[in-house]
Amino acid sequence: KVYITMNIRNIFITIRYKIRYGSTVEWYNFWYLALRKKHGIVPQVASIGDTIRKIIDDRCSVSRLGDGEILLTRPDKKLKFQTGNPLLAQRLVEILASNEEGHIVCIPDTFSNLYRYIRKSRRFWRTHFFIYGSWWDRLLVPGRKYYNAFVTRPYMDFADKENAGRWFHDMKQIWDDRNVVFIEGEKSRLGVGNDLFDNARSIRRILCPSRNAFDRIDDIRQEACKQDKDVLFLIALGPTATVLAYDLHKAGYQAIDAGHMDVEYEWWRMGTRKKVKLARKYVNETAIGSEVSDAGEEYREQIIARIV
């Protein structure tokens, strides 16, 4: 009886979420098309394949900025898992304009040719650009080459999904035979239950708050800097990962904002065509994605620090 009640509640939450989200997107999507909105700046964005090759060849660090990070360049805005503040806004603007050797800035490749993506994704980005397109125009550097933020989202949103397997295969070269330290939210659980990181030499984890992690960025950075310089940091921590990857690069490490890489890999292995809840991992893009089951003993043994 309890299980049935929980199931009904989850179905109700999901339906309510979809109706609210869908009606908002449809409204702005219509006006984007009707008014024929244009970008002031159409940036040059490298392909996913070229971005992966750049990371492998140069062992560079990676900061990604997407719709959420652009929103938080205003301190009065917030996400479901991160409240905005002036310092975070300042750091995100700084990183988007940065040009550090050995560090690349990645943005979404959605400023042109949206028909590469599924209908839901096209509608989302039209909505985003209708509301926030002027923010991008203000912050992007004209003539600058950016790398592809979808390097960590190479599956779900693409209409043609044939390349995803090759991209995941190539991506594994980044951490091949490396000592990897995951810096992640308490429920992110990178690699748990799949083989994405099986070719790493070792895996350790620094667990961080699932919400408002930026409030603890000094503590997280201090803990990370206790590690040897040869480790590879893979960070799944929302907008905090964008800043932390940049800071750790400047401290002499290779650090990559890994975003939804592991979740996308799970969806690709499942062959699902929609974003679904994962039993043992937090998925912020589903209505009940925060409810997770036990991650197992091997996972617990990999934890070297908790910052909560």
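**Close-up views of a predicted model**

At 0% relative accessibility, Cys208 counts as buried (under 20% relative accessible area, 1.4 Å probe, protein chains only). This is a predicted model, where local features need pLDDT of at least 70 and side-chain atom pairs count only at pLDDT 80 or more, while totals for chains, interfaces and linings use all residues. Residues are numbered from 1 along each chain as its sequence is written, and side-chain values use heavy atoms, leaving out hydrogens and water.

**View A. Cysteines without a partner.** The structure holds zero disulfides (a disulfide being a pair of cysteine sulfur atoms within 2.5 Å). For Cys60, the nearest cysteine sulfur is that of Cys106, 7.9 Å away. Cys60 is also buried, at 2% relative accessibility. For Cys208, the closest cysteine sulfur lies in Cys225, 13 Å away and too far for a bond.

**View B. The buried side of helix α2.** Here you can follow α2, residues 48–58, with its buried residues Ile48, Thr51, Ile52, Ile55 and Ile56. They sit on the same side of α2 because they cover an arc of only 130° around the axis, taken from the directions from the helix axis to the C-beta atoms. Helices (H or I, at least four residues) and strands (E, at least two) are DSSP runs, numbered from the N terminus. Among the elements covering these buried residues are β2 (61–64) and α6 (164–171), where contact means heavy atoms within 4.5 Å. Just after α2, Arg59 takes a positive phi of about 50°.

Notes
Buried < 20%, exposed > 50% of the residue type's maximum accessible area, 1.4 Å probe, protein only.
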